[in-house]
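Please keep the sequence and the structure in view while reading.

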Amino acid sequence: MSTAPTSIRPGGNSKGLTLTDILVTIVISVVFGLIYKIWGPMYDVLKPFGTHAEQLSYGMWFMAGTFAFLIIRKPGVAILAEISAAAIEAFLGGSWGISTLWYGLFQGLGAELFFAMFLYRKAGPLVAILASIGSAVASIFIDRHYGYIDQLAFWNYALFISMRVLGSIIIAGLFAWALARALERTGVLNLLRPASAKDYDALEG
Amino acid sequence: MNLTFPHQETWLHRVNPAHKLIVSALLFLVVLLTHNPNVMITLTIAALLPLLFFSGHPPLRLLLYASPFLLLFVSSATGMMMFGTGETLWFQYGFIRITEESFYRGLHLGFRSLQVAAVGLTFALTTRPVALFYSLMQQLRLPPRYAYSFLAAFNMLPLLAEEFVTLRQALQIRGRRPRGIRGWYERLRMYAIPLLAQCIRRAHRTAAAMEAKRFSSGSGQRTYFYQYSLSAADAWYAIYILLSSLLAWQLGQLWSLIPVSDVR
């Protein structure tokens with residue numbers, strides 16, 4: 001067992017995604033996929049009033065991407081998590097069917113862009129908020145084509161966009177960050193971080 | 001989803017899952033490019049037909065699955081109807097302003113969401129997740145690391161449910177029942193954090209076990225227990241989608257139920 005430390009993370013390069021990273025990301029996404037599916041009917045009940053109160057809850061659908069990145073902090077995790085969660089929602093017969101895959105792809109890209117802008121090194125609340133806004137903008141882009149939202153009366157359109165962005169900042173930005181920080185305190189995330197020099201020293205001693 | 005209930009196998013079940021996924025995803029692009037409500041109605045009917053006749057599930061259960069469709073239709077249509085822009089005013093009450101243009105645009109959106117939901121439900125009812133991931137690996141060269149991660153994650157769901165019950169019982173025994181808005185957040189934390197931590201731990205252990213069995217050593221060809229390939233059913237499926245879309249576009253031009261040909 002003298003070479004034990006390296007066998008914890010085989011394929012050891014910290015840049016690419018290891019099997020552990022992929023599996024953890026996808027397990028998190030499956031949990032979020034379930035939440036996404038349950039979220040759908042709730043959103044539909046709020047929607048007919050036209051006052052866009054439901055848009056405040058839309059941010060939940062961006063959370064898998066930002067949350068998974070705050071846990072794993074590697075390139076590609078946000079996109080993978082968003083697409084996976086969307087796929088699970090589609091499997092469970094979510095109301096938006098296969099189209100959620102397109103939304104997932106774009107929303108994941110929107111979040112990934114901001115994480116990449118900080119070279120994947122920052123994982124604070126500000127980056128989480130920026131990424132959540134990125135996802136919101138990407139989803140609004142698809143909705144312009146799918147839902148003709150730009151042809152709502154101006155006040156209604158402005159309300160729609162501000163509610164969605166606000167909701168995504170609160171849920172996919174701040175709440176995701178708070179949840180990730182709370183998880184950090186449990187110590188479980190040390191499993192996912194590469195072993196540091198301190199860990200090797202501890203073994204020597 | 002369909003694994004849990006007995007159902008009949010139809011030709012839709014024999015369509016290659018990866019092929020079905022790609023065709024369904026492309027069909028969404030067709031819907032995005034459709035601005036004529038008459039075309040949209042025909043497209044919606046074309047999407048509902050396979051669901052009605054070839055899902056392989058009994059009618060009553062199908063009705064149960066499709067029960068959110070009406071809500072979906074109404075919820076997608078009303079917002080646009082009441083607050084959309086338009087010239088010809090039909091009805092006005094306070095902020096609500098229904099015009100001819102916004103009414104038809106709302107109707108168009110209702111049919112859009114109905115079509116999307118029907119395609120999605122047909123896919124979910126006629127595709128086994130295991131089959132989809134095997135065929136994604138075999139037909140679309142999805143790396144096995146991703147596909148098997150999904151399959152492993154599915155197997156963790158029952159354990160997660162079990163853990164949730166245990167957690168609830170533990171919290172009940174200790175009499176932790178916080179109230180109010182703060183209490184709601186507190187309760188969310190009490191459930192979410194242990195469950196997520198346990199998920200991560202379990203995923204990490206599973207990955208370690210898979211690697212111990214040389215799962216991702218990656219060299220050489222994998223062999224598969226289930227083999228999937230393209231068959232006649234795939235051709236039929238693609239032809240159905242293609243022909244019905246073309247027919248919808250033609251019929252929509254000729255035969256107008258709704259006196260608007262572009263809702264934009």
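Over residues 56-72 of chain A, the chain is 59% helix and 0% strand, and the end C-alpha atoms are 27 Å apart. Helices (H or I, at least four residues) and strands (E, at least two) are DSSP runs, numbered from the N terminus. This is a predicted model, in which local features need pLDDT of at least 70 and side-chain atom pairs count only at pLDDT 80 or more, while totals for chains, interfaces and linings use all residues; side-chain values use heavy atoms, with hydrogens and water left out. Residues are numbered from 1 along each chain as its sequence is written, and chains are lettered from A and ligands numbered from 1 in the order in which they are written.

The span just described is one of several that carry an annotation. UniProt, in an unreviewed entry, places the feature "transmembrane region" at residues 16-36, 56-72, 123-142 and 154-180 of chain A. UniProt positions are given in the numbering used here, feature names are shortened, and annotations may be inferred rather than shown by experiment. For residues 16-36 of chain A, the model gives 86% helix and 0% strand, with 28 Å between the end C-alpha atoms.

Chain A as a whole has 8 helices and 0 strands. Its C-alpha atoms fill a box of roughly 70 × 30 × 25 Å, taken along the principal axes. Within this chain, the side chains of A:Arg164 and A:Asp143 form a salt bridge (2.8 Å, N to O). The pair links distant parts of the chain, since A:Arg164 belongs to helix 7 of chain A and A:Asp143 to helix 6 of chain A, 21 residues apart. A salt bridge is a side-chain nitrogen of Lys or Arg within 4 Å of a carboxyl oxygen of Asp or Glu; by this rule, the count over all chains is 6.

The unreviewed UniProt entry places "transmembrane region" at residues 21-49, 69-93, 114-134, 146-167 and 235-258 of chain B. Residues 114-134 of chain B are 90% helix and 0% strand, with end C-alpha atoms 30 Å apart. Residues 146-167 of chain B are 100% helix and 0% strand, and their end C-alpha atoms also lie 30 Å apart.

How do the two chains meet? The contact (heavy atoms within 4.5 Å) takes 58 residues from chain A and 63 residues from chain B. The size of an interface is often given as the accessible area lost when the parts come together. Here the area buried between chain A and chain B is about 5,400 Å², of which carbon and sulfur atoms give 78%. Buried area is the accessible area (1.4 Å probe) that two parts lose on being put together, summed over both. Between chain A and chain B there are 0 salt bridges. The largest share of the side of chain A that touches chain B, 14 residues, comes from helix 2 of chain A. By class, this side of chain A has 43 nonpolar, 13 polar and 2 charged residues. Ala, Val, Leu, Ile, Met, Phe, Trp, Tyr, Cys and Pro count as nonpolar, Asp, Glu, Lys and Arg as charged, and the others, Gly among them, as polar.

The pLDDT is the predictor's confidence in each residue, from 0 to 100. Its mean is 87 for chain A, where 92% of residues reach 70 or more. Over residues 1-13 of chain A, however, the pLDDT is below 50. Chain B has a mean pLDDT of 88, and 96% of its residues reach 70 or more. The model scores ipTM 0.88 and pTM 0.88.
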